[in-house]
Amino acid sequence: MMDISKNFFEFIGLPVSFDIDQSELADRSRELQKKLHPDRYAHLSDREQRMSVQYMSFLNEGVATLRSPLLRAQYLLLLQGIDTESESSTPIAPMFLMQQMELRERLEEIPDQDDPYAELEDLLAEVEGMLKALREQFAQDYQEGALTAATETVRKMQFLEKLVVEIERLEDRLDG
Amino acid sequence: MALLQIAEPGQSEAPHQHKLAVGIDLGTTNSLVASVKSGEAVTIPDIEGQHLLPSVVRYMPCGNHLVGAEARTYAASDPDNTIISVKRLMGRGVSDLKTLGDEAPYQFDVNDGGMPYIKTAAGNKSPVQVSADILKALVSRAEEALGGELTGAVITVPAYFDDAQRQATKDAATLANIKVLRLLNEPTAAAVAYGLDQGKEGVIAVYDLGGGTFDISILRLNKGVFEVLSTGGDSALGGDDLDLALADWIAQQLDIDIDGNSVSRYLMEKSKQAKEVLSGADEATIDLEIKGRKQSITVTRAKFDELVSPLVKRTIRACRRALKDASVEAEDVLEVVMVGGSTRVPLVREEVKQFFAREPHIKIDPDCVVAVGASIQADVLAGNKPDSGMLLLDVIPLSLGIETMGGLTEKIIHRNTSIPVARAQEFTTYQDGQTAMAIHVVQGERELVSDCRSLARFVLRGIPPMAAGAAKIRVTYQVDADGLLGVHAKELTSGVESSIQVKPSYGLGDVEIAEMLKSSYLNAAEDKDMRALREQQVDADRLIVSLQDALIADGKQLLNPDEYKLLESEIEKLIELRNGSDLVAIERGVAALSKASDEYASRRMDHSIQKALQGHSIDELGESE
């Protein structure tokens, strides 16, 4: 029934851009939450309640998307008609893939190290550093309209974000 | 003015009348109901002046049942038919019950779905039914005291309650004929009772030592929004365990043989009384009579403290873990709220104060504080305070996922995501010609499905035969503001779809609930028709009033004169229908008016978004109205 046709940026009232002021995002989403939350409609008819759930879900999804650099980058490309979720045909530089394999090997060996926690922290710091560089790269690619390059950058970010998850999982496992 | 003529004779509710709404604390040991009266939130006592309703139901062979203190007096003499601590069983399957061990002394009967029923003299009772009986007692108490029918209720649940437990609680309310305005987390309710939502922003700890459970919740208040950072505790540790420690000691001292439920419950009851005395006195004397033998023993506060100290220490360890999970230090905690009758025990207060290095809030009766907070929110949600800025935001406590190949969990909605939320993910078939796909919904943080809690299974059928990987199945998870999950699956190339409101495999199905509701009306068939009509009228009223309010607020602004007139006449039509007694006609009228005003409703939503954004900066958006 409901057509929420605006994109997340328009809906939340921010310029369509990779660079986002996080505190502004938080402020605006809070204002909108106050208007749209189902609690505001609890005493009204089912229709209003249903609508508010839809709007609020859209808002929450939007906030989650814009808050995460990877999701934000993917979303910006999606607005340009590039679906990085399902598409995996973008070629990736062999050098990058080699590096990924090395990082993963390092991760696998961590549990056998003398001080696995220190190793884990080093690896995490390194990966975070690479991610930071990729984010800057993406911002530049996107701004210059170099969408193919931007897509490849996003693919690289996906690899590294996955690695971060695996690092955190290993940390949980070491904790026990 | 057509708009003002609407509260006509025959219409029961005038717009803006104060709505009767209550907050209900459905507790493990005791339950309470509270309401905001003349601006003050108070718990409502029964005719005898008792505020606490023991969460005890006794079922009798004649089919009747007793609720509360009277039922509890049979706890020792008729333990099989006297159901205590039913909250522990809510949303639980038979396999979970085994882990509860001796705590559930009832005889269980299991239905096909693995749903446990308690065997009683009045027949098999599900935990949901038992809870519904407690809720009904509270509602009738409130309706008598407030002098009218309730618009709705806010019911509190522990912050860690999973989907199955929340759903079971909501089912109990449905069965008791209560409109649930919201399920509210207990610690949030306690913080609201102290007005902390209006206070300084920061971290709040809610220490809740109830009769049978201990919960510690770490909340963060940020710009008027409560966020549950972490929860911890021990679902098998509470005031009862303090009683048990004392009872064991007494039994040991007096060489009493605890055999059977009766003696142990009797000793527990006596220990409980002694514990309460010890909150205000330095010693207590306990007189006992077991199998005709009279005995007496005195226990000092120091001895009691020594007996319960290991238990209190356990709660403090749980506090430490919860802080760690929330990534905050004890000194970051700005406020500490005490909840639950057992926080009256001086040693508990002392240890909590020491651990957090600040005075905990104890001004509001710790038994009542959750219900009081819930009633404050109920008052707002019922629409009695249109200007209130209060908004309680929630996150889901556990991740929601789906089973994928190899018994692995793929998370669709991660824990701590703000709700309500909807998220979709696409899957495909893995075999050529596959025409059905099983969808298994799970909740939990672990990688293996077997380590997570299974919430529901359903099958999407009728997928046209295609090569493996060609079908595109979009699975959407929608979590509402109460944290309840609905799952929808759709094959995108053919449009085949299927959806389910997640019901735990061991919960009550919608059909079962409808059956139970029906059977509760069996005695009065007319009553049932009346109620159906009444419900339909309430529905119609809600739509009428909200549209009238809307038209006054912004109708002229958002509708052109023709649209405005049309809507007005549609409203008139429904008012006429609503004053009649044709159930089906009213139902159709509600649907028609809903449809006629859909466009207006969405314009209003968009308008309020625009207004919210405008509050920020018109310049940046580059557009204004």
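Which side chains meet in a salt bridge at 2.8 Å, N to O? They are those of Arg47(A) and Asp598(B). A salt bridge here is a side-chain nitrogen of Lys or Arg within 4 Å of a carboxyl oxygen of Asp or Glu. This is a predicted model, in which local features need pLDDT of at least 70 and side-chain atom pairs count only at pLDDT 80 or more, while totals for chains, interfaces and linings use all residues. Residues are numbered from 1 along each chain as its sequence is written, chains are lettered from A and ligands numbered from 1 in the order in which they are written, and side-chain values use heavy atoms, with hydrogens and water left out.

The interface comes next. Chain A and chain B bury about 3800 Å² between them, and 55% of this area is on carbon and sulfur atoms. Buried area is the accessible area (1.4 Å probe) that two parts lose on being put together, summed over both. In chain A, Arg28(A), Asp39(A) and Arg47(A) lose the most area to chain B, together 16% of what that side buries. The contact (heavy atoms within 4.5 Å) takes 41 residues from chain A and 45 residues from chain B.

Across this interface the rule finds 4 salt bridges. The count of residue pairs in polar contact between chain A and chain B is 9, both residues being at pLDDT 80 or more. A polar contact is a pair of N or O atoms within 3.5 Å; within protein, one must be able to donate a hydrogen and the other to accept it, and residues adjacent in sequence count only if both atoms are side-chain atoms. On the side of chain A that touches chain B, at least two residues each come from helix H1 (8-12), helix H2 (22-36), helix H3 (46-67) and helix H7 (147-175). Helices (H or I, at least four residues) and strands (E, at least two) are DSSP runs, numbered from the N terminus. H3(A) gives the most to this side, with 13 residues. By type, the residues of this side divide into 15 nonpolar, 9 polar and 17 charged. For that division, Ala, Val, Leu, Ile, Met, Phe, Trp, Tyr, Cys and Pro count as nonpolar, Asp, Glu, Lys and Arg as charged, and the others, Gly among them, as polar.

Over all chains, the count comes to 35 salt bridges. In one of them, the side chains of Asp39(A) and Arg182(B) meet at 2.3 Å, N to O. This pair crosses between chains, from Asp39(A) in the loop between H2 and H3 of chain A to Arg182(B) in strand E12 (residues 180-185) of chain B. Both Asp39(A) and Arg182(B) are buried; buried means under 20% relative accessible area, exposed over 50%, and partly exposed in between (1.4 Å probe, protein chains only). Asp39(A) and Arg182(B) are also linked with Lys170(B) and Asp482(B) in a network of salt bridges.

Other salt bridges lie within chain B. The side chains of Asp162(B) and Arg453(B) meet at 2.9 Å, N to O. Asp162(B) lies in the loop between strand E11 (152-157) and helix H4 (163-175) of chain B and Arg453(B) in strand E25 (residues 453-460) of chain B, so the pair ties together parts that are 291 residues apart in sequence. Asp162(B) counts as buried because its relative accessibility is 6%, and Arg453(B) counts as buried at 18%. Asp541(B) and Arg578(B) form another salt bridge (2.4 Å, N to O). That pair links helix H12 (residues 525-558) with helix H13 (residues 561-579) of chain B, its members being 37 residues apart. Asp541(B) and Arg578(B) are both buried.

The structure also holds 11 aromatic pairs over all chains. Rings of Phe, Tyr and Trp (its six-membered ring) pair if their centres lie within 6.5 Å; planes under 30 degrees apart count as stacked, over 60 as edge-to-face and the rest as tilted. Phe8(A) and Phe58(A) form a tilted pair, 4.9 Å centre to centre with 55° between the planes.

Finally, Ser31(B) lies in strand E2 (residues 30-37) of chain B. Ser31(B) is buried because its relative accessible area is 0%. Its side chain makes a polar contact with the side chain of Ser55(B) (2.8 Å).
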